[in-house]
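Please read them with the structure open.

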Amino acid sequence: MTELKGALIGCGFFAINQMHAWRDVEGAYIVAICDRDPERLKTVGDQFGIERRYSDAEAMFADGGFDFVDIATTVESHRALVEMAARNRVPAICQKPFAKTLSDAKAMVEACRKAGVALMVHENFRWQTPIQAVRKALETGAIGTPFWGRFSFRSGYDVFSGQPYLAEGERFIIEDLGIHTLDIARYILGDVSALTARTRRVNPRIRGEDVATILLDHENGATSVVDVSYATKLSKEPFPETLMELDGSEGTIRLTQGYRLEVNNAQGTTIADVSPKLLSWASRPWHNIQESVYAIQQHWVDQLRRGAEHSTSGADNLKTFALVEAAYDSAAQGKTIDVGAML
Ligand code: NAD
Ligand code: 89Y
């Protein structure tokens, strides 16, 4: 089968992972890249041997010759670039956070729907090996019906050295990292009907909130807590692990630091090592995220070929993005937010 040709826009910090993963993915490869920063364009072009290089995305679409576009820029440009892809009838992957606002995200989904092109949000955390392992354990019925969960990401890792813009935005942890944790909560316990959040900023050198505690009412009646922090200094740094606790009618699941999965039920306790693979180009501690980048990109190709919906399609991601907006609204107003009413 002929391989799909892709173009990537945004050759920054995280795109390096995406470019490595495109080399490993079966069924697709990158033929063109674009960045308005000439140095970044040259670095990535030279490192990955890509000859077709553009400083302007419109010019790249005008030249064409690719089957999909991978948008790896920061959020400010997402709407314009996704709509550009739709106008050019090119299927698109868009990095998280999907958009600045839920209304922008809805417009992006609508533009791609009208153009008849696939749109997937690069919401990769649910593709991490430990998260997939928890989902499989639940699907086997090991703990019966889950009624309570905790999805926790607490770290003191310096994310600002690689991504300095994270210190500058009015919004920080919910939009940047909590978005993944909220998506995992949806992936594991289902869609959310209402949400209550509290936030605070501990680090005085950044603008946005670096701690958030969010209470979720799931549509199936389960309750969960999503708690995220970049102000938590532990003796053993867990970055970038999401830890999980799930209580069900027949047992419990615990995903603890060091990628240890414990399942308890009437049959006893099973303990498994659910560590991610260290891919040839990956480095610790990022290997967990890096492996999920490869997994989501392979999923993109596989589903595009089948003409099937992606796990984190634009439409699916509206339900995660709504939780981000609801969390900021809830924290600002001190109220519980009806999430269903936002969609
Ligand atoms: P970055 O600032 O390092 O890179 C972005 C690049 O895009 C820059 O080189 C910039 O010049 C370029 N760019 C911006 N607008 C452009 C446009 N209109 N046309 C052409 N080039 C343009 O940012 P980053 O840290 O690589 O983050 C990129 C995105 O990846 C963000 O949305 C971030 O949240 C996301 N991210 C995701 C994960 C994950 O696990 N999914 C991890 C880290 C970052
Ligand atoms: O930008 C963030 C993401 O998506 O995963 C981790 C991160 O790089 C820093 O919080």
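Which helix gives the largest share of the lining of the largest pocket? It is helix 7, with 4 residues. Keep in mind throughout that this is a predicted model.

1. The largest pocket has a volume of about 1,100 Å³. Its lining counts 48 residues. Closest to the centre are Ala-72, Thr-73, Thr-74, Val-75 and Tyr-165.

2. Elements in that lining. Helix 1 (15-24), helix 4 (78-87) and helix 7 (173-189) are the elements that give two or more residues to the largest pocket.

3. By class, the residues lining the largest pocket are 23 nonpolar, 13 polar and 12 charged.

4. Placement. Where does the largest pocket lie? Domain 1 (4-117) and domain 2 (126-281 + 320-342) both give residues to its lining, so the pocket lies between them.

5. The second pocket. The second largest pocket holds about 260 Å³ of space. It is lined by 15 residues. Val-117, Ala-118, Leu-119, Glu-309 and Ser-313 are the closest to its centre.

6. Elements and classes there. At least two lining residues of the second largest pocket come from each of helix 5 (102-115), helix 8 (287-306) and helix 9 (314-333). The largest share, 3 residues, is from helix 5. By class, the lining has 8 nonpolar, 5 polar and 2 charged residues.

7. Surroundings of ligand 2. Which residues are around ligand 2? They are Lys-96, Phe-125, Val-159, Gln-163, Asp-176, His-180, Tyr-230 and Trp-286.

8. Polar contacts of ligand 2. For Lys-96, a polar side-chain atom lies 2.9 Å from an oxygen atom of ligand 2. His-180 has a side-chain N or O atom 2.7 Å from an oxygen atom of ligand 2. For Tyr-230, the distance from a side-chain N or O atom to an oxygen atom of ligand 2 is 2.7 Å.

9. Burial of ligand 2. How much of the area that ligand 2 exposes when taken alone does the protein bury? Taken alone, ligand 2 exposes 280 Å², and the protein buries 93% of that.

Conventions:
Residues are numbered from 1 along each chain as its sequence is written. Chains are lettered from A and ligands numbered from 1 in the order in which they are written. This is a predicted model: local features need pLDDT of at least 70, side-chain atom pairs count only at pLDDT 80 or more; totals for chains, interfaces and linings use all residues. Side-chain values use heavy atoms; hydrogens and water are left out. On a 1 Å grid over the protein atoms alone, a cavity is a set of points where a 1.4 Å probe fits but cannot get out, and a pocket is an open set with protein on both sides within 12 Å along at least five of seven lines; lining residues have an atom within 4 Å of a point. Grid points are joined across faces, edges and corners, and a volume is the space filled by probe spheres set on the points. Ala, Val, Leu, Ile, Met, Phe, Trp, Tyr, Cys and Pro count as nonpolar, Asp, Glu, Lys and Arg as charged, and the others, Gly among them, as polar. Domain bounds come from an automatic or database domain assignment. A residue is near a molecule or strand if one of its heavy atoms lies within 4 Å of it. A polar contact is a pair of N or O atoms within 3.5 Å; within protein, one must be able to donate a hydrogen and the other to accept it, and residues adjacent in sequence count only if both atoms are side-chain atoms. Accessible areas come from the Shrake-Rupley method with a 1.4 Å probe; for residues, only the protein chains shown count as cover.
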